[in-house]
Amino acid sequence: MLGIVDQKDISTVFDRYKKQELHCGFGVLGLCCKNCNFGPCRIDPFAEEPSVGVCGADANVIAARNLVRHVTAGSACHSDHGRELAKLLLLIGEGKAPGYKVKDEKKLKKIAEEYKINIENKAMDEIAVMLGKKLLDEYGQQEGEINLMNRAPEKQKGIWRKNKFWPRGIDREIVENMARTNMGVDNDYKNLIAGGIRCSLADGWGGSMIGTDVSDIIFGSPQPIRSISNLGVLKEDAVNIVLHGHVPILSDMICDAALNKEIIDYVNSKGIKGGINIVGICCTANEILMRRGIPVAGNMLQQELAIMTGVVDLMVVDLQCIMPGLQELLKCYHTRIISTSSKARFPGFEYIEFKEEGGLDIAKRILKIGVDNYSKRVKELINIPKEKMDLIAGFTTENISTFLGGKYRATYRPLNDAIISGRLRGVVGVVGCNNPKFGSGRFHIDLVKELIKKDVLVLQTGCAALECAKEGLLRPESAKEFAGKGLQEICETVGIPPVLHVGSCVDNSRILTACIEMVKEGGVGEGLDELPIAGAAPEWMSEKAIAIGFYFVASGALVVLGGSFPVTGAKNLTKFITEDVEKITGGRFSFCETPKKMTEVIIAHLNKKRETLKLKPMMYEK
Amino acid sequence: MLNEIKSRFLSGKKIYCDISKCLGCRSCEIACAVEHSKTKDLFQAIDETVPPQSRVAVERLDITHHTFHITQSLPLQCRHCDDAPCIKICPTKSMQKLDDEGPVVHKDETCIGCKWCILVCPFGIPKVGRSGKIIIKCDLCIERLKTGNIPACVEACPTKAIRFVTVEKVAKEKKKKFLVSFVRNGKTIGD
C-alpha cells in the first residue's frame, strides 16, 4: 500500500511523521511549560540556565503538571464514553430509544445489585432506569467513593483509602486535576501525581468499567468468536462500509440496520452482488468484532490506507483517534466520510448527527448513502491488498472461566493452578496504540512472540490486538508455532489461542476484573500487586494510554512503555514514577526502547513475583 | 582525507543564519549538545555525568529602528574566521585551521587553558569546558561532515533559519532578490 502512496503524492501518517522528526527536545523531555502567559517556558536539559520557569517551577513540577493533564484528558475521553452508555441505558429503560434493548439481562441484574438496587419483582425496564440513574449520579457525585472499586481485593482498597486515592466522583476528579495543574496551584510533583492517580482510577474503575459493563448489558456479553483481519477483508463486489471510532452506540446500530429488510431490499434493487460488507477500524471495530464477529480492516494507523484501496464507499466515524489527514484523501477518492458526533467535527467530512432516540432511522439513512456511492468508484484507483488473517476474539472475564473450567464448573482454578505449578509464568496485557515512532506495530509482534515463548499468557486490547491479529497470533494454531511448551499444553487442553483478545481500550477494565478473579481463586497472591502480572503499552500514542497506564500502576501493576513518557528531563519525577511509587501502590512504570529490553524487564518482574509467592519453578525452563 | 572533506562536503560552506526566520526555540542548542555528548542520544545524554555543552548560543537582540522596537533572537557560533585572532594568540598552537576554507578546530590535548582565545575573539564565542582545562567551540561538526551529514544545528532547525551554505550563495540570493524587486517595481532597498 505504501508503494501507491509514493506514486500518488498523497501524504499518510507515515510521511507526516518523517516530516516532524526530529521532535522538539524540550517537548520530548517534558521541559516545556505552556500553562500561562509568563511563558512558554523551557528548562535547559544540560544543567545550564534557565533551570526554572518564570514562576519558579522546576522541571519536576512542569513535567508532572503536563503528565497529569494528559492523564486527565485521557480519563475524560473514557469517562465520556461510559457516560454515553449510561445515558443510553436510561433511555432504553424509559422507552425512548427504540431499536436498542437490553441483551444481557443477567448482567443488568448483577450490576444493579452492586449498586444496591432492589431488583425483586422489577421489570427489566425499571431496573435499567434505576441503574442508568445511579451510574449517571456517580459522574456528578461530589463526596464518597465510586462504587465499582469495591470489586477490588481488600488489600487494594486499603491502599487506596489510606492514601486518599479513591475517587469521590467521576467528573469531580477531572475538574480538580485541571484546577490543580493551573499556574500557581499544585507545585509538589508527588502531590500532582497523587491527583493523577486518583483521576485515572475514576477512569479505570469508573468511566471505562461502566463503558465495558453497560456495553455488555446493552449489546450483549461477548463470547469467543471467529473473524478475519487486514485490508483484504474489503470486497470488490460489495458496498464496503468502514466503521471507525469508539462508541458501539453508533457502530452496533449500523450493523443492526444493515440487516434490516428495507436496506437489504435497497441494496438488491441496485443489483450489487455482494450486498453490504461492514468492516471496522480502531476500537469500535473491536466492539463489533467481539460481539458480532465483524471483520477488521485494520488498526488506527491504517485508516488512510483503507480509503486508498479505492473500494471504501462510506466511512462512518464518531470520535477519538480519527485523523484529520483523512480529509485530504477525499480529494482523490470517491469515498464519502460521515461524522456523527457534535464533539468531533471535521470541516471536510459530511455531518449527520447521531441521536439514540432515532438511531435506527439515522443508521438506515447513512447506509443508503453508502449504497448510493458504490457506483461512483473509480476503476483505476481500485487496489485491494490480498492480505487477510483469521483470528479469534471475544474473551471476557466471565467467559475465560467457562473455557478454563468448563460450562458447568466455570472457574479460574485451572489458570491459577497452571501458574502455581509452573506451566504458566504469568499473565501480561499487551495493549495500546500503534506508533511509527516504535515500529508501526512491529514492537507488539516481537514482544508478544517473546512473551508467549516464555510461557506467558498474553491478553490484548485495542490497536495492539489488531496488529497481532494481522500477524496471526490470535489463532489457536499460533500456540504450536510460537508458544513455549507450558503455554502450548494449556492452549491445546483448553482450546484457546496463546493470545486472548479481550476487547476495546475501555475493555482494559476486563483485565482488572480478570485479575480480581485470580486473586479470589487464591494461591497467586492476596492483592493485585502480588500477582505475577504486568502491563505493556509498547507503541503508546494517545493520552488515553497514559490514563490507562496510571490506573494499572495505581492498582498495583508494573506497566512498561515503549520509549518513555515525556518526563525524562525531570530526574526526580522520573525516579518517582519508575521506582518510588512501587512502595505506595505496589505498581510502577518502566520505560524500554526495544522489545528485547521490554521482555527482559517483564520476565524479571514475573519471576520476582513468583519467587515471593514461593511458586514452583517454571516447568519447562532450560 | 582533508582534500576529500574539502571537495565533497566543505567547499567553503559555513553556517549562516537568516535571523528573520529564527524563532529562538533553541533546538539548535539541544542538537549541538547531543552531537557533542558521549552517547549522542538525547535520552542518554541528559544522564551523562558531565552534561554535554552546546557550542551555539541563542542570543537575544533588542532592535530599535526609528519608533519600531522588536526583540530578535539569533544563534551565535564560531565564524571560523579566515584570519582568526584565536589562532594567532594560541601559545601552544591548539587552535588550527584545517585549510584555507576549512573550520577552525580546537585540539584538546595540547591546550593549556590560558583562555586568551576567549579574550581575543571579537564575538566572545569560546567557552570553558565543564570537565576541566578545555575550550568549547563550534567545530563545524567535522565528524558529521566526514560521513556526509550536515551540521547538527542545521539539521535541527525547524524553520531552516540556520543553513550550511557558501557565502557566495547567500550573496547570489541577495543579488537576485534585489534585481527582481528593482526591475519589477523600481524599488531599492529601504523603500
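## A buried alanine in a loop

A residue counts as buried when its relative accessible area is under 20%. In this predicted model, A:Ala152 is at 5% relative accessibility, so A:Ala152 falls in the buried class. Its place is the loop of chain A that runs between α6 (124-140) and α7 (154-162).

What does A:Ala152 touch, once residues up to four places away in sequence are set aside? The partners are A:Lys157, A:Trp160, A:Trp205 and A:Ile516. Take A:Trp205: it sits 53 residues from A:Ala152 along the chain, yet the two C-alpha atoms are separated by 9.3 Å.

## The nonpolar cores

A:Trp205 turns up again in the largest nonpolar core, which has 218 residues. A:Trp205 is one of the residues with the most contacts inside that core, along with A:Leu89, A:Phe565, A:Ile577 and A:Ile602. Which helix gives the most to this core? That would be α4 of chain A (residues 59-93), with 14 residues. As a rule, nonpolar side chains in soluble globular proteins tend to be buried together.

Now for A:Ile602. Leaving out residues up to four places away in sequence, A:Ile602 touches A:Val428, A:Leu447, A:Leu451, A:Ala534, A:Ala536 and A:Val560.

## A glutamine tucked into a strand

Over in strand β12 of chain A (residues 456-461) you'll find A:Gln460. Is A:Gln460 buried or exposed? With a relative accessible area of 0%, A:Gln460 is buried.

As for A:Ala393, 67 residues away along the chain, its C-alpha is separated from that of A:Gln460 by 9.7 Å.

## Helix α15 and its surroundings

Helix α15 of chain A (residues 359-373) has 15 residues, and its first and last C-alpha atoms are 21 Å apart, close to the 21 Å expected at 1.5 Å a residue. Its buried residues are A:Gly359, A:Ile362, A:Ala363, A:Lys364, A:Ile366, A:Leu367, A:Ile369, A:Gly370, A:Val371 and A:Asn373.

What do those buried residues pack against? On the strand side of the list are β4 (239-244), β5 (276-281), β7 (312-317) and β8 (336-339) of chain A. The helices are α10 (248-258) and α11 (261-269), also of chain A.

Technical notes. Residues are numbered from 1 along each chain as its sequence is written. Chains are lettered from A and ligands numbered from 1 in the order in which they are written. This is a predicted model: local features need pLDDT of at least 70, side-chain atom pairs count only at pLDDT 80 or more; totals for chains, interfaces and linings use all residues. Side-chain values use heavy atoms; hydrogens and water are left out. Helices (H or I, at least four residues) and strands (E, at least two) are DSSP runs, numbered from the N terminus. Buried means under 20% relative accessible area, exposed over 50%, partly exposed in between (1.4 Å probe, protein chains only). Contact means heavy atoms within 4.5 Å. A nonpolar core is a set of buried Ala, Val, Leu, Ile, Met, Phe, Trp, Tyr and Cys residues joined through side-chain atoms within 4.5 Å. The expected span of a helix is 1.5 Å times one less than its number of residues.
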